[in-house]
Amino acid sequence: MIDGKKVLFSGMQSTGNLTLGNYLGALKNWVSLSDEYQCFYCVVDEHSITVRQDPATLRKRARSLLTLYIAAGIDPVKNVLYYQSHVSAHAELAWILNCYTYMGEMSRMTQFKDKSAKHADNINVGLFAYPVLMAADILLFQTDVVPVGIDQRQHLEITRDIAERFNGIYGDVFTIPEGYYGKVGAKIMSLQDPSKKMSKSDENPNGSIYLMDDRDTIIRKFKRAVTDSVGCIAYNDEQPGIHNLIDIYSACRGITPEEVVKEFDGRGYGEFKIAVGETVADMLASLQKEEARLTSEKAYIDGIIKENAERAAYYANKTLRKVQHKIGFPDRIR
């Protein structure tokens, strides 16, 4: 608890370009969470280097992502927005937790298996220990709740296991985090393969809408979106392409899927796809305009980076010092 609020932690990697799925599935919904929680939103750049990155590009994308957090409406005063790499306690706690995590637990993690298959030429220790750094991210802030999708539940469970193991040895050190299952964003699928999530790393660029795509590109991608031969705009699992477009339109408009079906009753797929595309383009135009304005305010963004890193480090170091004392490291002379 901080100032009477439970703590919520989440973050995004500073690799690739954010998609409409990232925005509607997470970023857009983070804005309102600060009313109920003390939120820490991290740019998880340390996680990014399990795959080789171009240094200049990584720095640029990290700053762009933090700027997008603010452009999306996340208040950098009410929330703590910071770079993971600017708070050394993440790496320090991760090393300690490595010593309380078992090889068998890590070898069962599905993300390690998946990424090892994709990057067979670079199966590094960081990739293997990735979930321990994620556990450190969460536990540093005595986090109460973590927004999780299906693909992240395994990471939350190992975080809970590590925390409970540590607490069992040393007493009540870590808060045991719970999954956040309140208001969640829409699960947005690929426009070209609606059986898969829209992804930053999609090999087919027409499958994803990127937040910085221009209006013509957005509408063109929606015109090419995969649908079906049924010819009826209905919200069911038998029409995954149309189901996905309805999810996108309803999330952008703030209406229910049933209202979308009613609005487009008797109208064709072509008209519907253009309507979805125009709605998305209008929404992203506002975001892009604000992102451009903030990008030009270099001193303002620099100030937020500095101040928020200090705020994050303050809370993180409180936990880290407690952990270090518990395991027997010498106390620091003040």
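How many helices and strands does the protein have? It has 13 helices and 5 strands, where helices (H or I, at least four residues) and strands (E, at least two) are DSSP runs numbered from the N terminus. Its radius of gyration, taken over C-alpha atoms, is 21 Å, close to the 20 Å that the globule rule (2.2 Å times the number of residues to the power 0.38) gives for 334 residues, so the protein is as compact as a globular protein of that length. Along the principal axes, the C-alpha trace spans about 70 × 45 × 40 Å.

This is a predicted model, in which local features need pLDDT of at least 70 and side-chain atom pairs count only at pLDDT 80 or more, while totals for chains, interfaces and linings use all residues. Residues are numbered from 1 along each chain as its sequence is written, and side-chain values use heavy atoms, with hydrogens and water left out.

Of the 334 residues, 49% are buried, meaning under 20% relative accessible area with a 1.4 Å probe and protein chains only. Among contacts (heavy atoms within 4.5 Å) with a separation of 6 or more, 75% come from residues 24 or more positions apart.

Asp247 is buried yet has no salt bridge, a term for a side-chain nitrogen of Lys or Arg within 4 Å of a carboxyl oxygen of Asp or Glu. The nearest side chain of opposite charge to Asp247 is Lys187, 9.4 Å away. Leaving aside neighbours within four places in sequence, Asp247 is in contact with Ala186, Lys187 and Tyr235.

How values were computed:
Buried < 20%, exposed > 50% of the residue type's maximum accessible area, 1.4 Å probe, protein only. Lys, Arg positive; Asp, Glu negative; His and termini not counted.
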